[in-house]
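User: Please take a close look at the charged side chains in this structure, and walk me through how they pair up or gather.

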Amino acid sequence: MTCRLRMLGKLGLVVRFLPGASSLVKMAVKLVLFYAVAVCTAVVSAFVEELDDSFMDTRLGDTWIVDFYAPWCGHCKKLEPVWHEVGAEMRSSGSPVRVGKIDATAYSSVASELGVRGYPTIKLLKGDLAYNYRGPRTKDDIIEFANRVAGPVVRPLPSQQMFEHVQKRHDVLFVYVGGESPLKEKYIEVASEFIVYTYFFSALEEVLLKHVTLQELPAVLVFKDGTYFVYDEYEDGDLSSWINKERFQGYLHIDGFTLYELEDIGKLVGIAVIDDKNPSEESIRLKSLIQTVAKDYREHFNRNFQFGHMDGNDYINSVIMDEVTMPTIIVLNTSNQQYFFPSQPIEHIEDLVLFLNEVLDGTAEAQGGDGILQRIKRVVYDAKSTVVSVFKSSPLLGCFLFGLPLGVISIMCYGICTANSDDGSEEAELFKREGQDQELTDEGSEEELEDGNDEQQPESGAEHSDEKHEEKTSTEKKTD
């Protein structure tokens, strides 16, 4: 990517400074430079290997970092130039990690076997283990992740100079001090799980003499915030849980990604919601109060709280499904989606400490939650937010996406209603016609019946006359 940008810059400069050259010369210069850009692009692309379904049979001999992408995915297309930069730098630095990418839609069996559920997904594959990358999709962050996970799970610190060097480079690091022990075995096991987040080291006691004072060995320490803290099995519980909680600095600049990660540590999150780009005096004051609590009241609140500030209220609005007025202080319970606001204005550090204690002892008013009504509200809110965001970003696309289905549904409903109405009219007309035909039939039947009666009456009369004639004849014969 950098190579291509440099070449394009040279192209513009060369063409600009050839005002007297003929159009043929300029065209030749453009072709040469475009050829150089194409060659540079091909070289950079060569550092990223395109993989297929044979990858699962050949991968075990090397350590790979792989981008699982979909050709239609916009985020995947955005990651592509960054991924080529990662491949080029990893190759130039001599890293043993190989960089690849695979179309997860074309080779779905590979993606399914490795547990890929979304795009893009970045995984580091080391032997039989697969590590998911969940950090920012920048070149430096991805390379740092690859080098950390590809190396030893626990790195030794052989000297004080090395320890001081490592401490300057990392904001948070864990160190095991001592020899072989069950605690070390547990430490290595936990380190293999959390190596995706931070570094783990081991050292002998004399390496840390200038920096720490230990009551007993072996011990596990975390170095952060300019000091260190020792793991205590009786007070801190399980080592894995303690490391998960301590892998963050005491005070953070919290964004959506950080808040998502904080859901796993089981702590309440105290946040100063401020406008960091245009800070007011009140914003600066509330941020300072949160920082003071995080530092000076660590022993009291560290096991239950994570502190930080958030720039802007857009994300926090989506979390609580309401409008947050800045600046303010809010406490989130990420385990059950509850949140707390101070009932009284926070004027001094004592007011903030009182509010945090009320949250801990349950006397502060809780809002939100994860009940049925809140879940229904969440579905409605997310649907509304999606529609609004689509129309804001692209009104034409929003009209097409939502107008077309509504139009089709409207036409279908109109067709169904019209068809029912027409059928009813036809049935009524048909019924009317049948009624008229029936009346005509009934009238014809009555006339036929009357005609039949008229015909039957003369015949009866004739028969009656014949009987009289026969009676008369017989009478006459008797008289004679």
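Analyst: A residue is called buried when its relative accessible area is under 20%, exposed when it is over 50%, and partly exposed in between. In this predicted model, E113 has a relative accessibility of 56% and therefore counts as exposed. E113 is placed in helix α5, residues 108-113, and together with D52, D53 and D57 it gathers in a patch of negative charge on the surface.

Other charges are found in pairs, and a search of the whole structure finds 14 salt bridges. One of them joins E80 and K101, whose closest N and O atoms are 3.7 Å apart. Because E80 lies in helix α4 (residues 74-92) and K101 in strand β3 (residues 97-103), this pair ties together parts that are 21 residues apart in sequence. E80 is partly exposed at 37% relative accessibility, whereas K101 is buried, with a relative accessible area of 13%.

A salt bridge also links E180 and K184, with 3.2 Å between the closest N and O atoms; here E180 is exposed at 69%, while K184, at 18%, counts as buried.

In another salt bridge, the side chains of R303 and D236 meet at 2.9 Å, N to O. R303 lies in the loop between α13 (298-301) and β13 (305-311), and D236 in helix α9 (residues 233-236), so the pair ties together parts that are 67 residues apart in sequence. R303 is partly exposed at 38% relative accessibility, and D236 is buried at 16%.

How values were computed
Residues numbered from 1 in each chain as written. Predicted model: local features only at pLDDT ≥ 70, side-chain atom pairs only at ≥ 80, totals over all residues. Heavy atoms only, no water. Patch = residues over 30% accessible without salt bridge, like charges linked within 9 Å, V, L, I, M, F, W, Y side chains within 5 Å. Areas by Shrake-Rupley, 256 points an atom, 1.4 Å probe, with all protein chains shown as cover. Salt bridge = Lys/Arg side-chain N within 4 Å of Asp/Glu carboxyl O. Lys, Arg positive; Asp, Glu negative; His and termini not counted. Charge placed at Lys NZ, Arg CZ, Asp CG, Glu CD. Helix = DSSP H or I, 4+ residues; strand = E, 2+ residues; numbered from the N terminus. Buried < 20%, exposed > 50% of the residue type's maximum accessible area, 1.4 Å probe, protein only.
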